[in-house]
Amino acid sequence: ENLIVVFNHLVFIFIIIINSFFELFFKDFSINNQSRIIIEKGMNLPEVSNLLKKNNIISNELAFKFWIRVNFAEKKIKFGEYEFKNEVSINKVVRKLKSGELFYRKLSIIEGSSRYDLLKKIEMIYPNEEIKFDKLSSYIVADTYFYNIAEGPEKLIKNINKISLDISTKLWIQRDSSVPFKNFKDILILS
């Protein structure tokens, strides 16, 4: 009979532990506003957990650090900008940081924009960075470009240049060959 009582107590304690485990790591809690954070390259786990706590994305730094370590995710956190909204749990936050589910901003270049206009836009996005005018391609195509703020201006410019080149090449290949264009610049001048 004493054995049954001890067993019942152990089962009860086990149920409380399991329930606490799920409450701590898997229960969603509401975020009042959407929160965006930037995890910089080289940030360590205490810095990341402090950033998440300061932005009310997690409520328990110790539980977050524990869950990261249990999941062997400390070295798998991807740097970049993340957006959290609605409901999150520690488990969902860890999965997002491990998978690199980043938040991408958009930059729209309108028709008729010059390289100088684009340079000014990029300088507004990255005011503390030196951006060289000659890094911008001569053939910038009006489009909407997506970028992650943490990747820096070089990556944004490289992306804009590559997409512009891809679009330019496609347009050049698809042109009406009976129209006497010498190069893609002629098409841009005409448009």
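The model is predicted. H3 packs against H4 and also against H2. Strand S2 is joined to strand S3.

**H3 with H4**

- Helix H3 spans residues 61-70, and helix H4 spans residues 90-99.
- Their axes lie 10 Å apart, at an angle of about 50°.
- H3 and H4 are therefore oblique to each other.
- The crossing of this pair is right-handed.
- H3 contributes Ala 63, Phe 64, Trp 67 and Ile 68 to the contact.
- H4 contributes Ile 90, Asn 91, Val 93, Val 94 and Leu 97.
- By class, the contact of H3 with H4 holds eight nonpolar residues, one polar residue and no charged ones.

**H2 with H3**

- Helix H2 covers residues 45-54 and packs on H3 at an angle of about 135°.
- The axes of H2 and H3 are 10 Å apart.
- That angle makes H2 oblique to H3.
- H2 crosses H3 in a right-handed sense.
- On the H2 side, the contact uses Leu 45, Pro 46, Val 48, Ser 49, Asn 50, Leu 52 and Lys 53.
- On the H3 side, it uses Glu 61, Phe 64, Lys 65, Ile 68 and Arg 69.
- The contact of H2 with H3 divides into six nonpolar, two polar and four charged residues.
- Phe 64 and Ile 68 of H3 meet H4, and Phe 64 and Ile 68 also take part in the contact with H2.

**H5 with H6**

- H5 passes H6 in a right-handed crossing.
- Leu 118, Ile 122 and Ile 125 of H5 meet Pro 153, Leu 156, Ile 157 and Ile 160 of H6.
- The contact of H5 with H6 has seven nonpolar residues, with no polar and no charged ones.

- Strand S2 takes in residues 35-39, and its side chains alternate.
- Ser 35, Ile 37 and Ile 39 point to one face and are buried.
- S2 and strand S3 (residues 80-84) run antiparallel, joined by five bridges.
- Ser 35 stands opposite Phe 84 of S3.

**Positive phi in loops**

- Most residues other than glycine have a negative phi.
- Phe 72 has a positive phi, near 50°, and is not a glycine.
- Phe 72 sits in the loop between H3 and S3.
- With 66% relative accessibility, Phe 72 counts as exposed, because the cut-off is over 50%.
- Asn 86 also has a positive phi, about 65°, without being a glycine.
- Asn 86 belongs to the loop between S3 and strand S4 (87-88).
- The relative accessible area of Asn 86 is 56%, so Asn 86 is exposed.

- Asn 8 is part of helix H1, which spans residues 2-25.
- Asn 8 is partly exposed, at a relative accessible area of 45%.
- Asn 8 and Asn 183 are separated by 175 residues in sequence.
- In space, Asn 8 and Asn 183 are 84 Å apart, C-alpha to C-alpha.

Notes: Residues numbered from 1 in each chain as written. Predicted model: local features only at pLDDT ≥ 70, side-chain atom pairs only at ≥ 80, totals over all residues. Heavy atoms only, no water. Axes fitted to C-alpha atoms, helices over the stretch in contact; angles between N-to-C directions. Helix = DSSP H or I, 4+ residues; strand = E, 2+ residues; numbered from the N terminus. Parallel < 35°, antiparallel > 145°, perpendicular 65-115°, else oblique. Left-handed = near helix turned anticlockwise from the far one by under 90°. Contact = heavy atoms within 4.5 Å. Nonpolar A, V, L, I, M, F, W, Y, C, P; charged D, E, K, R; others polar. Buried < 20%, exposed > 50% of the residue type's maximum accessible area, 1.4 Å probe, protein only. Pairing = 2+ DSSP bridges.
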